[in-house]
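Hello,

Here is the structure I promised to hand over. Please open it, then read my notes below.

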Amino acid sequence: MAVKDPFHLAIQVHDIEEARRFYGDFLGCPEGRSSQSWVDFDLFGHQFVCHLNPALKDNPVSSHKNPVDGHGVPVPHFGVVLEMDAWEDLAQKLRDHGVEFVIEPYIRFKGEAGEQATMFFYDPSGNALEFKAFKNREEQLFKKA
């Protein structure tokens, strides 16, 4: 996916090989440069880096939950805004592999300007991810009520 201005995001993980399996093998993010303590991934056209922090094994990443549309949304979180068909495919893949959702895939803000499909889950190190989609991403992504 070509992104005009890709973001760079670096997170902590407790195991580099586990991050490779989750982000690389499972989510299908191509791997870029790496060392023993970090690995770059192409996360839908964005530079995403997992940095090793072995202390997370004993002290997992924690998050705050903020109420949104009747759900406790984990903060911080990150993810990608996909096309609807790609979002549906990912939701099914996650279900098929028994991934435990923090917030099950559903349509949020139904009938409102910000209507969107969304789902939340954690990576193996406890980092919260949100993947979402809009019926018309170009028109709806930043639309105000």
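Start with strand 9 (residues 116-122) and strand 10 (residues 128-134): they run antiparallel and are joined by six bridges. Strands here are DSSP runs of E, at least two residues long, numbered from the N terminus. Two strands pair if DSSP finds at least two bridges between them. Threonine 118 sits opposite lysine 132 in strand 10.

A word on the source: this is a predicted model, where local features need pLDDT of at least 70, side-chain atom pairs count only at pLDDT 80 or more, and totals for chains, interfaces and linings use all residues. Residues are numbered from 1 along each chain as its sequence is written, and side-chain values use heavy atoms, with hydrogens and water left out.

Last, the lining of the largest cavity. A cavity is a set of points on a 1 Å grid over the protein atoms alone where a 1.4 Å probe fits but cannot get out; lining residues have an atom within 4 Å of a point. Here the lining is Met84, Ile107, Glu115, Gln116, Ala117, Ala133, Phe134, Lys135 and Gln140. Strand 9 and strand 10 are the elements that give two or more residues to this lining.

Best wishes

How values were computed. Helices (H or I, at least four residues) and strands (E, at least two) are DSSP runs, numbered from the N terminus. On a 1 Å grid over the protein atoms alone, a cavity is a set of points where a 1.4 Å probe fits but cannot get out, and a pocket is an open set with protein on both sides within 12 Å along at least five of seven lines; lining residues have an atom within 4 Å of a point.
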